[in-house]
Amino acid sequence: MSEGPVVEFCHVSKRFGRRNILCDVSFQVGNGEALCILGRSGVGKSVTLKLIIGLLKPDMGDVFIESESIVQFNEEDLTRVRRKMGFLFQSAALFDSFSVANNLALPLQRLEKNKSADEIKRRVDEALQQVGLASDKEKMPVELSGGMRKRAGLARALVLNPRILLIDEPSSGLDPITASEIDDLLLKIKQERHTTMIIVTHDVRGARRVADKVAVLDEGALVGFGSFADLEHNENDTVCKLLSES
Ligand SMILES: Nc1ncnc2c1ncn2[C@@H]1O[C@H](COP(=O)(O)OP(=O)(O)OP(=O)(O)O)[C@@H](O)[C@H]1O
């Protein structure tokens with residue numbers, strides 16, 4: 001593993017048509033750190049995640065994953081880099097016709113072909129145990145509550161032991177108590193696995209609990225970056241408004 005930042009944006013700009021979404025954005029996320037990306041709707045938070053995954057390319061600047069610049073990578077190299085990442089998107093994206101356990105087994109069978117059935121079962125059980133779904137493994141996704149779906153999606157992201165976890169809106173669609181349980185789970189995973197996490201969220205209170213650092217985007221610019229303590233001294237209006245919410 002590299003000694004330097006795990007994820008780094010270097011003067012990244014991204015526009016769609018005539019609209020500048022990100023302008024000259026630079027930040028670093030260190031090994032085992034959790035970064036929460038905050039900002040109003042449409043400001044470019046998901047675009048930032050897509051730049052990290054290599055689904056979008058910057059118009060200017062560079063994106064590094066464990067010190068490798070990915071912006072010129074072909075699909076083969078991007079696939080290799082994406083193997084370092086686990087993804088949890090808003091919908092949790094489970095296959096409805098497979099049980100929870102089979103949803104987790106699928107990526108292992110596809111990507112780790114040398115694994116025995118016993119080893120796959122062990123890895124699936126371990127991931128489900130970690131998210132508190134050990135006794136729900138035979139359930140179908142339709143039988144799960146919103147919070148359980150998120151847990152199952154998280155277990156599926158974890159089953160391949162990613163070094164980087166990318167999470168879009170962990171608390172969306174959840175009541176405050178369930179959302180806070182998901183935050184607890186993210187904290188536990190960070191502590192137990194030392195996974196580097198990048199979390200897009202509107203939940204400032206949750207970010208206060210989980211994040212080592214926050215990045216605040218506004219009108220294309222990174223207007224705040226650092227720990228919540230660092231941001232207390234930030235005079236930008238958006239940063240001040242966000243901090244006063246929690
Ligand atoms: N592929 C694309 N083509 C054109 N415009 C896009 C594309 N992807 C995103 N955008 C635009 O970029 C802007 C930022 O989108 P993004 O999804 O990153 O917002 P966001 O901050 O994640 O918002 P939200 O909090 O509502 O999810 C939006 O105006 C969106 O319409």
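A salt bridge here is a side-chain nitrogen of Lys or Arg within 4 Å of a carboxyl oxygen of Asp or Glu. The model is predicted, so that local features need pLDDT of at least 70 and side-chain atom pairs count only at pLDDT 80 or more, while totals for chains, interfaces and linings use all residues. Residues are numbered from 1 along each chain as its sequence is written, and side-chain values use heavy atoms, with hydrogens and water left out.

Begin by selecting Lys121 and Asp125, which form a salt bridge whose closest N and O atoms are 2.9 Å apart. Both residues lie in helix α4, four residues apart, or about one turn of the helix; helices are DSSP runs of H or I with at least four residues, numbered from the N terminus. Lys121 is partly exposed at a relative accessible area of 46%, and Asp125 is also partly exposed, at 23%, where buried means under 20%, exposed over 50% and partly exposed in between, with a 1.4 Å probe and protein chains only.

Glu126 counts as partly exposed at 37% relative accessibility, and Arg122 is partly exposed at 42%.

Next, select Glu112 and Arg123, whose side chains meet in a salt bridge at 3.2 Å, N to O. Because Glu112 lies in the loop between α3 (100–111) and α4 (117–130) and Arg123 in helix α4, the pair ties together parts that are 11 residues apart in sequence. Glu112 and Arg123 are both buried.

Now show helices α3 and α4 together, which pack at an angle of about 125 degrees with their axes 9 Å apart; the axes are lines fitted to C-alpha atoms over the stretch in contact, and angles run from 0 to 180 degrees between N-to-C directions. To see the contact, in which heavy atoms lie within 4.5 Å, select Val100, Ala101, Leu104, Ala105, Leu108 and Gln109 of α3 with Ile120, Arg123, Val124, Ala127 and Leu128 of α4.

For the last stop, select Glu66, Glu68, Asp77, Arg80, Lys84 and Arg163, which are linked in a network of salt bridges.

How values were computed. Helices (H or I, at least four residues) and strands (E, at least two) are DSSP runs, numbered from the N terminus.
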